[in-house]
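Here's a quick briefing to read alongside the model. Have the structure open and follow along.

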Amino acid sequence: MGEVLIIGAGLAGSEAALQLARRGISVTLQEMRPEKLTPAHRTGLCAELVCSNSLKSQEAGTATGTLKAELDLLGSCLLPLARIHAVAAGSALAVDRDAFAAAVTAAVEAEPLITCQQGEACELDPARLTLIATGPLTSEALSGALRRLVGSDTLAFYDAAAPILSADSLDASRLFAASRRGKGGADYLNIALDKAEYERFYEALIGAQRTILRDFDRRRDLFAACQPIEEVARSGPDALRFGALKPVGIDDPRTGRWPYALVQLRAENSDRSAYNLVGFQTNLTFPEQRRVFSMLPGLEHAEFYRYGVMHRNTFLDAPQVLAPDLSLRAAPQLHVAGQLMGTEGYLEAIGGGLLAALMITARLRGDSPPELPTPATTLGALMRYATDPATTDYQPMHVNYGIIEALTPRVRNKQERYRVYHERALQAMAQWRDVRPELF
(Lines give C-alpha, C1' and ligand atoms only; values in the text may rest on other atoms or scores of the structure.)
Protein backbone atom coordinates (compact mmCIF):
# COMPACT_ATOMS: atom_id res chain seq x y z
CA MET A 1 0.00 0.00 0.00
CA GLY A 2 2.87 2.32 0.72
CA GLU A 3 5.85 2.87 2.96
CA VAL A 4 6.29 5.17 5.94
CA LEU A 5 9.43 6.33 7.70
CA ILE A 6 9.06 6.70 11.46
CA ILE A 7 11.86 8.53 13.22
CA GLY A 8 12.01 7.60 16.90
CA ALA A 9 11.18 4.26 18.55
CA GLY A 10 9.76 5.62 21.77
CA LEU A 11 6.18 5.13 22.88
CA ALA A 12 4.59 7.15 20.06
CA GLY A 13 6.83 5.76 17.33
CA SER A 14 6.48 2.15 18.46
CA GLU A 15 2.69 2.39 18.77
CA ALA A 16 2.43 4.02 15.33
CA ALA A 17 4.72 1.41 13.71
CA LEU A 18 2.70 -1.50 15.07
CA GLN A 19 -0.61 0.15 14.12
CA LEU A 20 0.52 0.78 10.55
CA ALA A 21 1.89 -2.73 10.15
CA ARG A 22 -1.44 -4.10 11.36
CA ARG A 23 -3.00 -2.29 8.45
CA GLY A 24 -0.65 -3.75 5.86
CA ILE A 25 1.63 -0.71 5.62
CA SER A 26 5.41 -1.13 5.44
CA VAL A 27 7.37 0.85 8.00
CA THR A 28 11.01 1.80 8.41
CA LEU A 29 11.50 2.55 12.10
CA GLN A 30 14.67 4.59 12.60
CA GLU A 31 16.17 5.00 16.06
CA MET A 32 19.52 6.60 16.91
CA ARG A 33 19.92 4.64 20.17
CA PRO A 34 22.10 2.90 21.25
CA GLU A 35 24.51 4.26 18.64
CA LYS A 36 23.83 7.69 20.06
CA LEU A 37 22.27 7.90 23.52
CA THR A 38 20.33 10.84 24.94
CA PRO A 39 21.19 12.30 28.37
CA ALA A 40 18.43 10.17 29.92
CA HIS A 41 18.26 6.89 27.94
CA ARG A 42 20.54 3.97 28.66
CA THR A 43 19.50 1.30 26.11
CA GLY A 44 18.52 0.91 22.48
CA LEU A 45 15.19 -0.74 23.33
CA CYS A 46 11.91 0.53 21.96
CA ALA A 47 9.62 2.42 24.34
CA GLU A 48 12.27 2.84 27.05
CA LEU A 49 10.80 4.87 29.92
CA VAL A 50 13.25 7.42 31.25
CA CYS A 51 11.40 9.30 34.00
CA SER A 52 8.78 7.56 36.12
CA ASN A 53 7.68 3.99 35.48
CA SER A 54 4.05 4.92 36.13
CA LEU A 55 1.35 5.33 33.48
CA LYS A 56 -0.78 6.93 36.21
CA SER A 57 -4.21 6.09 37.57
CA GLN A 58 -6.43 3.37 36.19
CA GLU A 59 -9.53 4.59 38.01
CA ALA A 60 -12.53 5.48 35.86
CA GLY A 61 -12.99 8.75 37.75
CA THR A 62 -9.67 10.13 36.53
CA ALA A 63 -8.64 11.58 33.19
CA THR A 64 -5.84 9.03 32.80
CA GLY A 65 -8.23 6.19 33.61
CA THR A 66 -10.57 7.52 30.95
CA LEU A 67 -7.73 7.80 28.44
CA LYS A 68 -6.75 4.17 29.06
CA ALA A 69 -10.32 3.09 28.35
CA GLU A 70 -10.35 5.18 25.16
CA LEU A 71 -7.09 3.61 23.98
CA ASP A 72 -8.55 0.16 24.64
CA LEU A 73 -11.49 1.06 22.39
CA LEU A 74 -9.09 2.12 19.65
CA GLY A 75 -7.01 -1.05 19.91
CA SER A 76 -3.74 0.24 21.36
CA CYS A 77 -0.82 -2.15 20.87
CA LEU A 78 1.31 -0.94 23.79
CA LEU A 79 -1.26 -0.66 26.56
CA PRO A 80 -1.86 -4.45 26.77
CA LEU A 81 1.91 -4.98 27.01
CA ALA A 82 2.06 -2.46 29.86
CA ARG A 83 -0.59 -4.45 31.74
CA ILE A 84 1.26 -7.71 31.19
CA HIS A 85 4.40 -6.21 32.73
CA ALA A 86 2.70 -4.21 35.47
CA VAL A 87 4.11 -3.91 38.97
CA ALA A 88 2.00 -3.23 42.03
CA ALA A 89 1.32 0.49 42.40
CA GLY A 90 -2.01 0.94 44.09
CA SER A 91 -4.58 2.33 41.68
CA ALA A 92 -1.89 3.31 39.18
CA LEU A 93 -0.60 1.30 36.22
CA ALA A 94 3.17 1.10 36.73
CA VAL A 95 5.45 -1.20 34.76
CA ASP A 96 8.71 -3.04 35.07
CA ARG A 97 10.38 -0.66 32.66
CA ASP A 98 13.00 -3.12 31.37
CA ALA A 99 10.51 -5.93 30.81
CA PHE A 100 8.03 -3.57 29.15
CA ALA A 101 10.63 -2.12 26.79
CA ALA A 102 11.88 -5.61 25.92
CA ALA A 103 8.32 -6.74 25.16
CA VAL A 104 7.65 -3.75 22.89
CA THR A 105 10.96 -4.33 21.12
CA ALA A 106 10.10 -8.00 20.60
CA ALA A 107 6.69 -7.08 19.17
CA VAL A 108 8.27 -4.60 16.76
CA GLU A 109 11.01 -6.99 15.65
CA ALA A 110 8.49 -9.80 15.13
CA GLU A 111 6.43 -7.73 12.70
CA PRO A 112 7.53 -8.55 9.10
CA LEU A 113 6.32 -5.19 7.77
CA ILE A 114 8.57 -3.22 10.15
CA THR A 115 12.23 -2.73 9.24
CA CYS A 116 14.33 -1.40 12.12
CA GLN A 117 17.13 0.98 11.16
CA GLN A 118 19.75 2.34 13.52
CA GLY A 119 21.29 5.77 13.19
CA GLU A 120 20.59 9.43 13.83
CA ALA A 121 18.27 11.27 11.47
CA CYS A 122 19.88 14.64 10.81
CA GLU A 123 17.76 15.87 7.88
CA LEU A 124 14.13 15.64 6.80
CA ASP A 125 12.84 14.97 3.30
CA PRO A 126 9.60 16.99 2.90
CA ALA A 127 8.56 14.74 0.00
CA ARG A 128 8.78 11.47 1.98
CA LEU A 129 5.84 10.34 4.11
CA THR A 130 7.33 10.51 7.59
CA LEU A 131 6.24 10.44 11.21
CA ILE A 132 8.59 12.33 13.51
CA ALA A 133 8.25 10.83 16.99
CA THR A 134 11.62 11.66 18.49
CA GLY A 135 10.22 12.90 21.77
CA PRO A 136 11.42 15.63 24.09
CA LEU A 137 15.05 14.53 23.70
CA THR A 138 15.17 15.20 19.96
CA SER A 139 18.77 15.61 18.84
CA GLU A 140 20.22 19.01 18.05
CA ALA A 141 20.67 18.09 14.38
CA LEU A 142 17.06 17.05 13.89
CA SER A 143 15.81 20.01 15.93
CA GLY A 144 17.70 22.25 13.54
CA ALA A 145 16.11 20.54 10.53
CA LEU A 146 12.68 21.07 12.07
CA ARG A 147 13.37 24.73 12.75
CA ARG A 148 14.35 25.27 9.14
CA LEU A 149 11.09 23.70 7.99
CA VAL A 150 8.58 25.35 10.29
CA GLY A 151 10.19 28.78 10.32
CA SER A 152 9.92 29.20 14.08
CA ASP A 153 11.98 28.26 17.08
CA THR A 154 11.53 24.99 18.87
CA LEU A 155 10.67 25.86 22.45
CA ALA A 156 12.87 24.53 25.24
CA PHE A 157 12.26 23.43 28.78
CA TYR A 158 13.96 21.29 31.40
CA ASP A 159 12.84 17.88 32.60
CA ALA A 160 13.96 15.85 35.59
CA ALA A 161 13.90 12.22 36.74
CA ALA A 162 13.84 10.72 40.23
CA PRO A 163 16.44 8.44 41.84
CA ILE A 164 16.06 4.65 41.95
CA LEU A 165 17.23 2.82 45.08
CA SER A 166 18.25 -0.74 45.89
CA ALA A 167 15.55 -2.48 47.94
CA ASP A 168 18.16 -4.42 49.94
CA SER A 169 19.73 -1.20 51.16
CA LEU A 170 16.55 0.16 52.77
CA ASP A 171 15.95 -0.05 56.53
CA ALA A 172 12.69 -1.96 56.79
CA SER A 173 12.19 -0.91 60.42
CA ARG A 174 11.24 2.63 59.32
CA LEU A 175 9.33 1.76 56.17
CA PHE A 176 5.85 0.27 55.97
CA ALA A 177 3.75 -0.96 53.07
CA ALA A 178 0.45 0.77 52.26
CA SER A 179 -1.45 2.62 49.54
CA ARG A 180 -3.42 5.81 49.97
CA ARG A 181 -6.86 5.01 51.35
CA GLY A 182 -6.11 1.33 50.73
CA LYS A 183 -6.52 1.56 46.97
CA GLY A 184 -4.84 -1.33 45.18
CA GLY A 185 -3.41 -2.99 48.29
CA ALA A 186 -0.20 -2.31 50.19
CA ASP A 187 1.75 -1.50 47.05
CA TYR A 188 3.98 1.40 48.16
CA LEU A 189 6.72 1.58 50.76
CA ASN A 190 6.18 4.61 52.98
CA ILE A 191 8.23 6.76 55.33
CA ALA A 192 6.21 8.75 57.86
CA LEU A 193 7.90 11.98 58.96
CA ASP A 194 7.15 13.99 62.07
CA LYS A 195 7.48 17.77 62.07
CA ALA A 196 11.12 17.83 63.22
CA GLU A 197 12.21 15.20 60.68
CA TYR A 198 10.46 17.03 57.88
CA GLU A 199 11.96 20.40 58.77
CA ARG A 200 15.51 19.00 58.91
CA PHE A 201 15.03 17.44 55.49
CA TYR A 202 13.46 20.59 54.06
CA GLU A 203 16.32 22.85 55.21
CA ALA A 204 18.93 20.50 53.79
CA LEU A 205 17.04 20.22 50.50
CA ILE A 206 16.69 23.94 49.78
CA GLY A 207 20.35 24.55 50.69
CA ALA A 208 21.80 21.71 48.62
CA GLN A 209 24.02 22.25 45.58
CA ARG A 210 22.35 21.96 42.18
CA THR A 211 23.79 20.67 38.91
CA ILE A 212 22.34 23.48 36.80
CA LEU A 213 23.15 26.58 38.81
CA ARG A 214 20.31 28.87 37.84
CA ASP A 215 16.91 29.94 39.03
CA PHE A 216 14.14 28.79 36.76
CA ASP A 217 11.23 30.69 35.30
CA ARG A 218 8.53 28.09 35.98
CA ARG A 219 6.21 29.43 33.34
CA ARG A 220 8.54 28.47 30.50
CA ASP A 221 11.65 26.63 31.67
CA LEU A 222 10.40 23.72 33.74
CA PHE A 223 8.16 20.88 32.65
CA ALA A 224 5.22 21.39 35.02
CA ALA A 225 4.65 17.72 35.92
CA CYS A 226 8.37 17.06 36.54
CA GLN A 227 9.33 20.00 38.74
CA PRO A 228 12.54 19.17 40.65
CA ILE A 229 11.64 18.59 44.26
CA GLU A 230 14.03 21.32 45.41
CA GLU A 231 12.33 23.84 43.09
CA VAL A 232 8.94 22.97 44.56
CA ALA A 233 10.39 23.31 48.06
CA ARG A 234 11.54 26.85 47.27
CA SER A 235 7.89 27.86 47.01
CA GLY A 236 7.61 27.63 50.79
CA PRO A 237 8.06 25.33 53.78
CA ASP A 238 4.74 23.55 53.27
CA ALA A 239 4.88 23.22 49.47
CA LEU A 240 6.07 19.59 49.60
CA ARG A 241 3.40 18.68 52.15
CA PHE A 242 0.79 19.65 49.58
CA GLY A 243 2.69 17.87 46.79
CA ALA A 244 4.98 14.85 46.67
CA LEU A 245 5.08 14.49 50.48
CA LYS A 246 1.37 14.99 51.16
CA PRO A 247 0.42 12.99 54.26
CA VAL A 248 -3.13 12.21 53.16
CA GLY A 249 -4.82 8.81 53.23
CA ILE A 250 -2.20 6.73 55.09
CA ASP A 251 -1.89 6.33 58.84
CA ASP A 252 1.48 6.40 60.58
CA PRO A 253 1.72 2.97 62.33
CA ARG A 254 3.40 4.68 65.26
CA THR A 255 0.50 7.04 65.99
CA GLY A 256 -2.51 5.68 64.11
CA ARG A 257 -2.95 9.11 62.50
CA TRP A 258 -1.86 10.77 59.29
CA PRO A 259 1.80 11.84 59.65
CA TYR A 260 3.15 15.36 59.27
CA ALA A 261 4.63 14.41 55.88
CA LEU A 262 4.91 11.18 53.92
CA VAL A 263 7.54 9.88 51.49
CA GLN A 264 6.50 7.08 49.12
CA LEU A 265 8.61 4.58 47.18
CA ARG A 266 7.17 2.69 44.21
CA ALA A 267 8.48 -0.63 42.91
CA GLU A 268 10.50 -0.37 39.72
CA ASN A 269 10.28 -4.02 38.72
CA SER A 270 8.19 -7.11 39.34
CA ASP A 271 10.58 -8.67 41.87
CA ARG A 272 10.70 -5.40 43.88
CA SER A 273 14.49 -5.27 43.96
CA ALA A 274 14.47 -1.54 43.13
CA TYR A 275 12.29 1.39 44.20
CA ASN A 276 11.64 4.83 42.77
CA LEU A 277 11.41 7.82 45.12
CA VAL A 278 7.98 9.12 44.05
CA GLY A 279 7.99 12.82 43.20
CA PHE A 280 11.73 13.22 43.87
CA GLN A 281 12.72 14.48 40.42
CA THR A 282 15.83 16.49 41.09
CA ASN A 283 18.57 18.78 39.81
CA LEU A 284 20.86 18.16 42.80
CA THR A 285 24.42 16.95 42.25
CA PHE A 286 24.94 13.24 42.83
CA PRO A 287 26.85 13.70 46.15
CA GLU A 288 24.11 16.04 47.39
CA GLN A 289 21.41 13.55 46.45
CA ARG A 290 23.17 10.93 48.55
CA ARG A 291 23.62 13.33 51.47
CA VAL A 292 20.14 14.89 51.52
CA PHE A 293 17.98 11.91 50.60
CA SER A 294 19.88 9.67 53.03
CA MET A 295 18.60 11.95 55.80
CA LEU A 296 15.18 10.37 55.38
CA PRO A 297 14.50 7.68 58.00
CA GLY A 298 15.14 4.26 56.49
CA LEU A 299 17.33 5.61 53.69
CA GLU A 300 20.47 6.22 55.77
CA HIS A 301 22.38 3.49 53.90
CA ALA A 302 20.50 3.60 50.62
CA GLU A 303 22.34 2.47 47.49
CA PHE A 304 21.46 4.39 44.35
CA TYR A 305 20.93 2.30 41.23
CA ARG A 306 20.34 5.57 39.39
CA TYR A 307 20.68 9.12 40.59
CA GLY A 308 18.10 11.68 39.60
CA VAL A 309 19.02 13.59 36.46
CA MET A 310 17.93 16.79 34.76
CA HIS A 311 18.15 17.43 31.04
CA ARG A 312 17.09 19.88 28.38
CA ASN A 313 13.97 18.92 26.41
CA THR A 314 12.38 20.42 23.33
CA PHE A 315 8.89 20.61 21.90
CA LEU A 316 7.23 22.29 18.94
CA ASP A 317 4.85 25.21 19.16
CA ALA A 318 2.27 22.71 17.91
CA PRO A 319 -0.79 25.00 17.61
CA GLN A 320 1.11 27.20 15.17
CA VAL A 321 2.87 24.52 13.11
CA LEU A 322 0.61 21.42 13.13
CA ALA A 323 -2.55 20.76 11.13
CA PRO A 324 -5.44 18.76 12.68
CA ASP A 325 -4.16 15.60 10.96
CA LEU A 326 -0.90 16.04 12.95
CA SER A 327 1.07 17.01 9.86
CA LEU A 328 3.35 20.03 9.57
CA ARG A 329 1.53 22.88 7.86
CA ALA A 330 4.79 23.77 6.10
CA ALA A 331 5.42 20.17 4.97
CA PRO A 332 2.21 18.08 4.85
CA GLN A 333 4.03 14.80 4.19
CA LEU A 334 5.66 15.09 7.61
CA HIS A 335 3.59 14.16 10.65
CA VAL A 336 4.47 14.59 14.33
CA ALA A 337 3.37 12.59 17.36
CA GLY A 338 4.28 12.21 21.01
CA GLN A 339 5.99 14.58 23.39
CA LEU A 340 7.72 16.46 20.57
CA MET A 341 4.33 18.07 19.92
CA GLY A 342 4.06 19.10 23.57
CA THR A 343 1.59 16.48 24.75
CA GLU A 344 2.91 15.45 28.12
CA GLY A 345 2.90 11.91 29.43
CA TYR A 346 3.38 8.29 28.46
CA LEU A 347 -0.26 7.50 27.71
CA GLU A 348 -0.61 10.70 25.73
CA ALA A 349 2.38 9.67 23.59
CA ILE A 350 0.81 6.28 22.92
CA GLY A 351 -2.46 7.96 21.95
CA GLY A 352 -0.69 10.42 19.67
CA GLY A 353 1.15 7.63 17.89
CA LEU A 354 -2.10 5.73 17.39
CA LEU A 355 -3.92 8.77 15.98
CA ALA A 356 -1.01 9.63 13.68
CA ALA A 357 -1.10 6.06 12.32
CA LEU A 358 -4.80 6.46 11.50
CA MET A 359 -4.18 9.78 9.75
CA ILE A 360 -1.34 8.29 7.69
CA THR A 361 -3.39 5.20 6.84
CA ALA A 362 -6.17 7.38 5.44
CA ARG A 363 -3.64 9.38 3.42
CA LEU A 364 -2.12 6.25 1.88
CA ARG A 365 -5.55 4.91 0.98
CA GLY A 366 -6.40 8.14 -0.78
CA ASP A 367 -9.11 9.00 1.73
CA SER A 368 -9.64 12.19 3.67
CA PRO A 369 -8.10 12.09 7.15
CA PRO A 370 -10.55 11.49 9.98
CA GLU A 371 -11.44 14.45 12.13
CA LEU A 372 -9.83 14.41 15.53
CA PRO A 373 -11.98 12.74 18.19
CA THR A 374 -14.58 14.98 19.77
CA PRO A 375 -13.50 17.18 22.72
CA ALA A 376 -15.87 15.09 24.84
CA THR A 377 -13.02 12.52 24.86
CA THR A 378 -9.78 13.06 26.74
CA LEU A 379 -7.61 12.21 23.73
CA GLY A 380 -9.64 14.42 21.41
CA ALA A 381 -9.63 17.33 23.85
CA LEU A 382 -5.84 17.13 24.20
CA MET A 383 -5.13 16.84 20.49
CA ARG A 384 -7.51 19.66 19.64
CA TYR A 385 -5.85 21.86 22.25
CA ALA A 386 -2.44 21.03 20.74
CA THR A 387 -3.47 21.83 17.16
CA ASP A 388 -5.79 24.79 17.67
CA PRO A 389 -4.16 27.99 16.30
CA ALA A 390 -6.09 29.93 18.93
CA THR A 391 -4.01 28.26 21.66
CA THR A 392 -1.47 30.87 22.76
CA ASP A 393 1.57 30.69 25.03
CA TYR A 394 1.61 26.95 24.39
CA GLN A 395 3.07 24.80 27.15
CA PRO A 396 3.27 21.00 27.63
CA MET A 397 -0.15 19.60 28.55
CA HIS A 398 -1.37 16.23 29.76
CA VAL A 399 -4.90 14.87 29.64
CA ASN A 400 -7.10 16.37 32.32
CA TYR A 401 -10.76 17.06 32.81
CA GLY A 402 -10.04 20.79 32.73
CA ILE A 403 -9.77 20.78 28.92
CA ILE A 404 -12.55 18.29 28.18
CA GLU A 405 -15.85 19.60 26.79
CA ALA A 406 -18.01 20.98 29.60
CA LEU A 407 -21.18 19.21 30.69
CA THR A 408 -24.57 20.75 30.03
CA PRO A 409 -26.21 21.08 32.47
CA ARG A 410 -23.34 21.33 34.90
CA VAL A 411 -22.90 18.52 37.45
CA ARG A 412 -21.78 20.08 40.72
CA ASN A 413 -20.73 16.97 42.63
CA LYS A 414 -17.14 16.28 41.58
CA GLN A 415 -17.24 12.49 41.79
CA GLU A 416 -20.50 12.35 39.85
CA ARG A 417 -19.14 14.85 37.31
CA TYR A 418 -16.04 12.72 36.71
CA ARG A 419 -18.19 9.59 36.36
CA VAL A 420 -20.28 11.33 33.70
CA TYR A 421 -17.12 12.59 31.94
CA HIS A 422 -15.84 9.01 31.80
CA GLU A 423 -19.03 7.44 30.49
CA ARG A 424 -19.63 10.21 27.96
CA ALA A 425 -16.03 9.96 26.71
CA LEU A 426 -16.25 6.23 26.06
CA GLN A 427 -19.55 6.59 24.24
CA ALA A 428 -18.15 9.44 22.12
CA MET A 429 -14.95 7.54 21.31
CA ALA A 430 -16.87 4.43 20.27
CA GLN A 431 -19.04 6.56 17.99
CA TRP A 432 -15.97 8.26 16.50
CA ARG A 433 -14.33 4.89 15.81
CA ASP A 434 -17.48 3.50 14.20
CA VAL A 435 -17.78 6.41 11.74
CA ARG A 436 -14.65 5.17 9.90
CA PRO A 437 -14.66 1.39 10.46
CA GLU A 438 -12.37 0.87 7.47
CA LEU A 439 -9.52 2.39 9.48
CA PHE A 440 -9.80 -0.18 12.26
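Buried residues of α11 are Thr-378, Leu-379, Gly-380, Ala-381, Leu-382, Met-383, Ala-386 and Thr-387, where buried means under 20% relative accessible area with a 1.4 Å probe, protein chains only. That's eight of the 10 residues in the helix, which spans 378-387. Helices are DSSP runs of H or I with at least four residues, strands are E runs of at least two, and both are numbered from the N terminus.

This is a predicted model, with local features needing pLDDT of at least 70 and side-chain atom pairs counting only at pLDDT 80 or more, while totals for chains, interfaces and linings use all residues. Residues are numbered from 1 along each chain as its sequence is written, and side-chain values use heavy atoms, leaving out hydrogens and water.

**Around α11**
- The buried residues of α11 pack against α2 (63-74), α9 (318-321), α10 (346-364) and α12 (414-435), with contact meaning heavy atoms within 4.5 Å.

**α1 against α10**
- The axes of α1 (residues 11-22) and α10 come within 7 Å and cross at roughly 35 degrees; axes are lines fitted to C-alpha atoms over the stretch in contact, with angles running from 0 to 180 degrees between N-to-C directions.
- Residues making this contact include Leu-11 and Ala-12 of α1, plus Tyr-346 and Ala-349 of α10.

**The open sheet**
- Six strands line up as β10-β11-β12-β13-β9-β14, with antiparallel pairing; strands pair if DSSP finds at least two bridges between them.
- β10 (176-178) and β14 (304-306) sit at the edges with a single partner strand each, so one side of each has no neighbour in the sheet.
- Six bridges join β11 (residues 188-193) to β12 (residues 261-267), and Leu-189 has Leu-265 as its bridge partner in β12.

Definitions and conventions: Buried < 20%, exposed > 50% of the residue type's maximum accessible area, 1.4 Å probe, protein only.
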